[in-house]
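I opened a new notebook page for this chain. My plan is to look things up one at a time and write down what I find.

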Amino acid sequence: MFKEERTGSQFDWSMLGNLAEGRPNLGDSMNVAVYRLMQFTLRDVLIQRMGVAAADRVFYDAGREAGVQFYAHVLTKKDSFPDFVGDLQDALRKLNIGILRVEQADLERLRFTLTVAEDLDCSGLPVCGEQVCTYDEGFIHGLLSSHTGREFQVREVDCWASGDRVCRFEAHAL
C-alpha cells in the first residue's frame, strides 16, 4: 500500500485512515509548525537529491492529486461555480487551511485570480523574495480541473514569503 514501486498514482482516500479510532485523545488537528516541519524538510531533501525544478514538480503534482481527492471526498456542492467556490471556502476555513477569496473569475475563458490569506504553507514566514506555495498551485489546479473537466496552469504571483500578506494565484485553462 505504501511501499510498492509504481509509475501512476495509487492513492486512495482510505489511506488517510480512521482518525477518530487512531487518535481518540489527540483528535484530528496539529500545530501548523509540525506540518511545515514535514513539508520543508521533505522539500530540502528533494532539492538536495533532485534539484529545485524536480522538487517543485513533485510538490506541484502532489498538490494536484490532493486537489482532485479533496474535490471528490470533501466538497459536496459542485452544481455551479458559485456553489463550488462557497463550499471550498467553507471547507478551507473549517479545516484551518486558509481563507480563500476569488478576486476575478472569467467563467467563459476559465481564467481566475484567487487569494489565500493565512495560508497553511507560508503565512508568517520571513520574507525571502520567493513564491513558495508550489503545493498550493497544484492543489488549485486539481480543484479547478476536477470542477471544469479541463487542465489548468496555476501560478503563484504574490506570496507572504515574497513580501505580500496574501498568496495570490492566477489560473487559466489550457
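How many residues lie between β1 and β2 in their hairpin? I counted 4 residues between the two strands. L110 sits in that turn, with a positive phi of about 55°.

Before going on, I noted the ground rules. This is a predicted model, where local features need pLDDT of at least 70, side-chain atom pairs count only at pLDDT 80 or more, and totals for chains, interfaces and linings use all residues. Residues are numbered from 1 along each chain as its sequence is written, and side-chain values use heavy atoms, with hydrogens and water left out.

I looked up the strand order next. The sheet is open, has 4 strands and runs β1-β2-β4-β3, with antiparallel pairing. Two strands pair if DSSP finds at least two bridges between them. β1 (99-106) and β3 stand at the edges with a single partner strand each, so one side of each has no neighbour in the sheet. From one strand to the next, the twist averages 20°.

Then I went through the pairs.

- β1 and β2 pair in the antiparallel sense over 7 bridges. R101 has T115 in β2 as its bridge partner.
- Strand β2 (residues 111-117) pairs with β4 in the antiparallel sense, over 6 bridges. I found T113 partnered with E170 in β4, and L114 with F169 in β4.
- Strand β3 (residues 152-158) and β4 are also antiparallel, over 6 bridges. Here F152 stands opposite A173 in β4.

Is β4 largely enclosed or left open? Strand β4 (residues 167-173) has 5 of its 7 residues buried, so it is largely enclosed by the rest of the structure. I took buried as under 20% relative accessible area, exposed as over 50% and partly exposed as in between, using a 1.4 Å probe and protein chains only. β2 is largely enclosed too, because 5 of its 7 residues are buried.

Which strands does α4 touch? Helix α4 (residues 81-94) packs on the sheet and touches β1 and β2. Its direction makes about 160° with that of β1. Helix α5 (residues 134-148) packs on the sheet as well, touching β2, β3 and β4. The direction of α5 makes about 140° with that of β3. Contact means heavy atoms within 4.5 Å. Axes are lines fitted to C-alpha atoms, for helices over the stretch in contact, and angles run from 0 to 180 degrees between N-to-C directions.

**Entry: helix against helix**

I started with helix α2 (residues 32-50) and helix α3 (residues 52-73). Their axes come within 7 Å and cross at roughly 135°. That makes α2 oblique to α3. Angles under 35 degrees count as roughly parallel, over 145 as roughly antiparallel, 65 to 115 as roughly perpendicular and the rest as oblique. The crossing of α2 and α3 is right-handed. A crossing is right-handed if the near helix is turned clockwise from the far one by less than a right angle, and left-handed if anticlockwise.

Among the α2 residues meeting α3 are L42, L46 and I47. On the α3 side, the list includes V52, V58 and F59. By class, this contact has 9 nonpolar, 1 polar and 2 charged residues. Nonpolar covers Ala, Val, Leu, Ile, Met, Phe, Trp, Tyr, Cys and Pro; charged covers Asp, Glu, Lys and Arg; the others, Gly among them, are polar.

Next came α3 with α5. Their axes come within 6 Å and cross at roughly 40°. α3 and α5 are therefore oblique to each other. Their crossing is right-handed. In α3, the residues that meet α5 include Y60, G63 and F70. In α5, F139, H141 and L143 are among the residues in this contact. The contact divides into 10 nonpolar, 8 polar and 3 charged residues.

**Entry: positive phi**

Most residues other than glycine have a negative phi. I therefore checked two residues. L110 is not a glycine, yet its phi is positive, about 55°. L110 is buried, with a relative accessible area of 12%. N96 has a phi near 60°, also a positive value in a residue other than glycine. N96 is found in the loop between α4 and β1. Is N96 buried or exposed? At 60% relative accessibility, N96 counts as exposed.
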